[in-house]
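Biologist: I am new to this one. Could you take me through the model step by step?

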Amino acid sequence: MKFIFPESEEIKSRAWKGNKLPGKVLFIRLHAFGDSLISFLAAEAFKKTFPNIELHLLICRNYSELPNNVVAFDKVHVLNHSRGGWPMALDLLKIYPELRREKFDAIVDLQNNIHSRTIRKVLLTEAWAQFDRYSRVHALHRYHNTINALGLSPVTQHTEISLRNELSGLEKLMEKGWNGTDKLIFLNPCGAFPTRQWGQQNYLTFAKLWMQHVDSNAKFVLLGYPSFNQKTTMLSEGLGSSCINMVGQTNAVEAYNIIRKVNLSLSDDGGLMHASWTNNTPTIGFLGASPAYWGRPLGKMSFAYTSEDLECGNCHSTDCKWGDNRCLTRVTPMEVVERANMLLGMLTDKLKNNS
């Protein structure tokens with residue numbers, strides 16, 4: 001299947017006209033874990049730019065655990081259902097009085113679907129801005145553009161999300177055998193479709209090459225939902241005591257804190273890839289058919305293997321038109337070892353320069 005999207009979309013807004021800054025602003029980002037994480041980085045930029053504005057978030061329950069740990073949000077409002085239809089519509093009716101009592105001055109709709117637009121309209125705020133879903137611009141930049149459409153001072157980009165609790169989960173890492181000093185590498189073969197999967201065998205070969213040529217004491221961390229077990233069995237069995245398998249054993253906050261602790265992340269296109277680069281962890285992403293202009297890992301410490309150099313690139317297809325997934329099968333484990341060494345060398349140089 002190939003998904004067809006418009007080329008672009010207008011950011012609709014009504015700018016703030018007050019003589020002073022708004023006192024209370026609501027961000028709306030209802031679902032999609034990876035996109036939510038990117039929006040939290042935009043919220044960090046907003047809060048750092050406007051520390052005296054009270055910032056609230058409206059999000060679905062399945063994704064609410066982590067933002068409750070994000071310093072930028074003064075309050076998180078939660079919907080019980082994670083997708084659309086009548087259940088979410090009923091949720092909005094139930095939560096409307098709670099949101100109405102907050103008397104928001106402005107709303108930033110970073111979801112832009114029928115439910116987020118409805119709640120934005122019925123709250124009757126003085127100012128609002130509505131996310132551009134389709135322009136071929138990275139999600140983080142579109143979030144910033146949406147925030148800036150409020151007409152306040154432009155937000156200043158930040159590269160890491162501040163948390164209330166940065167330690168939760170690390171004790172589980174120690175219990176699973178990490179000694180606190182061995183280098184940690186996160187491996188995440190999470191691709192939802194074949195066109196976005198580098199493959200377990202490639203991840204396993206990378207890990208063995210890394211131990212052979214770079215660091216024999218490295219530990220390889222596996223995280224994710226219990227359903228990821230089928231995608232990580234080969235890695236867990238093949239790496240033995242060098243593998244710290246925590247699949248299905250952490251909540252969102254714990255997994256997030258562990259990602260912040262690792263020295264390097266290798267990941268298919270998925271939520272935990274975004275957890276990595278949004279915290280400035282050296283990240284290598286395997287995007288394959290995913291549009292690179294929307295969701296590639298950003299920053300000097302990140303690199304993405306994409307399809308954008310191919311005639312068929314950025315196709316967003318679930319199945320390769322050629323039947324060979326050539327955008328990712330061309331990427332060899334040794335090439336990734338060399339790329340990872342380069343990223344970590346850049347990090348070492350950066351630390352030396354800052355010391």
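**A buried alanine and its surroundings**

Modeller: Ala-45 is buried, since its relative accessible area is 0%. Please keep in mind that this is a predicted model.

Biologist: Which element holds Ala-45?

Modeller: Ala-45 lies in helix 1, which covers residues 33-49.

Biologist: And what does Ala-45 touch, leaving out residues up to four places away in sequence?

Modeller: With those set aside, Ala-45 touches His-144, Val-155, Thr-156, Gln-157 and His-158. For Thr-156, the C-alpha atom is separated from that of Ala-45 by 5.6 Å, although the two residues are 111 residues apart along the chain.

Biologist: Now the whole chain. How many helices and strands are there?

Modeller: The protein chain has twelve helices and twelve strands.

Biologist: What does the radius of gyration say about a compact globule?

Modeller: For 355 residues, a compact globule would have a radius of gyration near 20 Å, and the protein chain has 21 Å, which agrees. Along the principal axes, the C-alpha atoms fill a box of roughly 60 × 45 × 45 Å.

Biologist: What percentage of the residues count as buried?

Modeller: Of the 355 residues, 54% count as buried. The accessible surface comes to about 16,000 Å², and carbon and sulfur atoms account for 51% of that surface.

Biologist: What about contacts between residues at least 6 apart in sequence?

Modeller: Among those contacts, 65% join residues at least 24 apart.

Biologist: And the charges, how far apart are their mean positions?

Modeller: The chain carries 40 positive and 33 negative charges, and their mean positions are 5 Å apart.

Biologist: Let us change topic. Why is helix 8 described as largely enclosed?

Modeller: Helix 8 spans residues 252-261, and eight of its ten residues are buried, so the helix is largely enclosed by the rest of the structure. The buried residues are Val-253, Glu-254, Ala-255, Tyr-256, Asn-257, Ile-258, Ile-259 and Arg-260.

Biologist: Which elements do the buried residues of helix 8 pack against?

Modeller: They pack against helix 1, helix 5 (170-175), strand 7 (184-188), strand 8 (219-222) and helix 9 (271-277). Helix 1 is also where Ala-45 is placed.

Biologist: How many aromatic pairs are there in the whole structure?

Modeller: A search finds twelve aromatic pairs. In one of them, the ring centres of Trp-198 and Tyr-203 are 5.1 Å apart and the planes stand at 75°, so this pair is edge-to-face.

Biologist: Are Trp-198 and Tyr-203 buried or exposed?

Modeller: Trp-198 is buried at 4% relative accessible area, and Tyr-203 is buried at 0%. Tyr-225 and Phe-228 are also edge-to-face, because their ring centres are 5.9 Å apart and their planes are at 85°. In that pair, Tyr-225 is exposed, with 53% relative accessibility, whereas Phe-228 is buried at 17%.

Biologist: Which rings are linked into a cluster?

Modeller: Ring pairs link Trp-198, Tyr-203, Phe-286, Phe-303 and Tyr-305 into a cluster.

Biologist: On to Glu-102. Is it buried or exposed?

Modeller: Glu-102 is buried, with a relative accessible area of 11%. Its place is in helix 2, residues 86-102. Apart from neighbours within four places in sequence, Glu-102 is in contact with Lys-24, His-56, Lys-75 and His-77.

Biologist: What is the phi of Lys-103?

Modeller: Phi of Lys-103 is near 55°, a positive value in a residue other than glycine. Most residues other than glycine have a negative phi. Lys-103 sits in the loop between helix 2 and strand 5 (106-109) and is exposed, with a relative accessible area of 68%.

Biologist: And what about the phi of Ala-32?

Modeller: Ala-32 is not a glycine, yet its phi is positive, at about 80°. The loop between strand 2 (24-28) and helix 1 holds Ala-32. Ala-32 is buried, with a relative accessible area of 18%.

Biologist: One last residue, please. Where is Leu-167?

Modeller: Leu-167 is in the loop between helix 4 (139-148) and helix 5. At 60% relative accessibility, Leu-167 counts as exposed. The C-alpha atoms of Leu-167 and Gly-199 are separated by 31 Å, and the two residues are 32 residues apart along the chain.

Methods
Residues are numbered from 1 along each chain as its sequence is written. This is a predicted model: local features need pLDDT of at least 70, side-chain atom pairs count only at pLDDT 80 or more; totals for chains, interfaces and linings use all residues. Side-chain values use heavy atoms; hydrogens and water are left out. Helices (H or I, at least four residues) and strands (E, at least two) are DSSP runs, numbered from the N terminus. The radius of gyration is taken over C-alpha atoms; the globule rule is 2.2 Å times the number of residues to the power 0.38. Buried means under 20% relative accessible area, exposed over 50%, partly exposed in between (1.4 Å probe, protein chains only). Contact means heavy atoms within 4.5 Å. Accessible areas come from the Shrake-Rupley method with a 1.4 Å probe; for residues, only the protein chains shown count as cover. Lys and Arg count as positive and Asp and Glu as negative; His and the chain ends are not counted. The place of a charge is taken as NZ of Lys, CZ of Arg, CG of Asp or CD of Glu. Rings of Phe, Tyr and Trp (its six-membered ring) pair if their centres lie within 6.5 Å; planes under 30 degrees apart count as stacked, over 60 as edge-to-face and the rest as tilted.
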